[in-house]
Amino acid sequence: MSVEAEAGRLKTEADEPGWEVDPDDEWGVAVIATVGRQLKLRREAVGMRAADFGTAVGYGEDMVYKIEAGKRIPRQEYLNEADEVLQAGGLIAATWEDVKKVRYPKKVRELGDLEAKAVELQLYDPLNIHGLLQTPEYARGLLLMRRPAYTEDEVERFIAARVARKAVFERDPAPELSFVLEEWTLRRPLGGRAVLRRQLEHLLETGQLRNVELQVMPMDREEHAGVDGRIEVLKFADGSAVGRSPVVANGRPLSEPRQLRILELRYGIIRAQALTPRESMAFIEQLLGET
């Protein structure tokens with residue numbers, strides 16, 4: 001195959017949109033800039049032009065320059081191909097361990113870091129099944145409904161970020177996790193009935209974990225303390241805590257004791273108004289049978 005024909009298939013920004021580095025993410029910028037610099041130095045050390053290197057790894061020359069300049073986040077396959085082409089003996093491929101930590105948006109990483117340290121999580125989302133409980137298929141369905149629409153690449157990044165956060169279920173010692181789910185979120189077949197069935201099955205599986213409590217808030221409740229929106233309270237081993245709700249401190253993370261007490265009070269009332277964990281599991285089983 002000629003170079004011209006091969007170049008016609010090289011990946012460009014149109015093929016892989018959405019992998020720009022957030023300029024406000026100082027750590028992410030530093031990591032990607034360092035990786036890009038290593039790639040450039042190794043390419044120049046073997047005497048390859050950017051265009052020839054791009055052809056060898058399957059990317060356009062412009063993408064090569066942007067990655068080397070630290071303006072684009074390289075994918076794992078790019079680093080693997082670069083390692084082979086530049087005969088780096090695995091050193092370039094190994095940089096993926098650093099890159100993958102910053103490929104998610106800064107806010108998502110910060111939330112994941114907090115969840116990874118928490119010993120107790122109290123979580124209520126009135127609009128959707130909580131992200132930590134979502135299957136990849138359900139998460140994709142939600143993300144594809146976003147308007148203005150995300151690009152396919154952005155959707156994949158967000159899904160990967162949510163999957164990565166699920167490491168909280170695998171920690172040892174395991175944290176205590178409490179979720180309150182709205183009945184209507186368990187009934188609406190977002191993404192299709194097959195997706196909903198798998199999501200309900202996943203909830204039943206997760207609810208069997210000893211450190212997890214799932215509670216359902218029925219739609220027929222005449223009193224509901226969760227009308228002000230979602231609640232997140234994360235508690236840590238040193239006795240500190242972080243909370244967040246759209247009606248307290250404008251949704252910003254907070255740690256002031258008085259504000260945390262407000263969130264915990266509301267969450268406690270929501271739990272008392274919802275079905276018990278045992279009743280909730282039976283209710284989800286019933287919904288699964290109806291779906």
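## Notebook: helix contacts, a pocket and some backbone checks

I looked up the contact of α11 with α13 and found R197, L200, E201, L203, L204 and G207 in α11 meeting M281, I284, E285, L287 and L288 in α13. I note that this is a predicted model. I sorted the contact residues of α11 and α13 by class and got seven nonpolar, one polar and three charged.

Next I took the geometry of this pair. Helix α11 spans residues 193-207 and helix α13 spans residues 277-290. Their axes come within 10 Å and cross at roughly 155°. Angles over 145 degrees count as roughly antiparallel, so I logged α11 as roughly antiparallel to α13. I recorded the crossing of α11 past α13 as left-handed.

I turned to helix α3 (residues 50-57) and helix α5 (residues 76-85). They pack at about 115°, and their axes lie 9 Å apart. That angle makes α3 roughly perpendicular to α5. I recorded a right-handed crossing for α3 past α5. From α3, I listed F53, A56 and V57 in the contact. From α5, I listed Y78, E81, A82 and V85.

**Largest pocket**

I then asked how much space lies in the largest pocket. The volume came out at about 1,100 Å³. I found 33 residues lining this pocket. Which of them lie nearest its centre? My list reads L111, R165, R230, E232 and R244.

I also checked which elements give two or more residues to the lining. They are the helices α7 (106-117), α8 (136-144) and α9 (152-165), with the strands β4 (231-236) and β5 (241-244). Helix α7 gives the largest share, six residues. By class, I noted 15 nonpolar, eight polar and ten charged residues in the lining of the largest pocket.

**Backbone checks**

I looked up cis peptide bonds. One joins R147 and P148, with omega at about 0°. I placed P148 in the loop between α8 and α9. Another cis peptide bond joins D172 and P173, with omega at about 5°. I placed P173 in the loop between α9 and β2 (176-182).

Last, I checked phi of Q87. The value is near 50°, positive in a residue other than glycine. Where does Q87 lie? I found Q87 in the loop between α5 and α6 (96-102).

Note on methods
Residues are numbered from 1 along each chain as its sequence is written. This is a predicted model: local features need pLDDT of at least 70, side-chain atom pairs count only at pLDDT 80 or more; totals for chains, interfaces and linings use all residues. Side-chain values use heavy atoms; hydrogens and water are left out. Axes are lines fitted to C-alpha atoms, for helices over the stretch in contact, and angles run from 0 to 180 degrees between N-to-C directions. Helices (H or I, at least four residues) and strands (E, at least two) are DSSP runs, numbered from the N terminus. Angles under 35 degrees count as roughly parallel, over 145 as roughly antiparallel, 65 to 115 as roughly perpendicular and the rest as oblique. A crossing is left-handed if the near helix is turned anticlockwise from the far one by less than a right angle, and right-handed if clockwise. Contact means heavy atoms within 4.5 Å. On a 1 Å grid over the protein atoms alone, a cavity is a set of points where a 1.4 Å probe fits but cannot get out, and a pocket is an open set with protein on both sides within 12 Å along at least five of seven lines; lining residues have an atom within 4 Å of a point. Grid points are joined across faces, edges and corners, and a volume is the space filled by probe spheres set on the points. Ala, Val, Leu, Ile, Met, Phe, Trp, Tyr, Cys and Pro count as nonpolar, Asp, Glu, Lys and Arg as charged, and the others, Gly among them, as polar.
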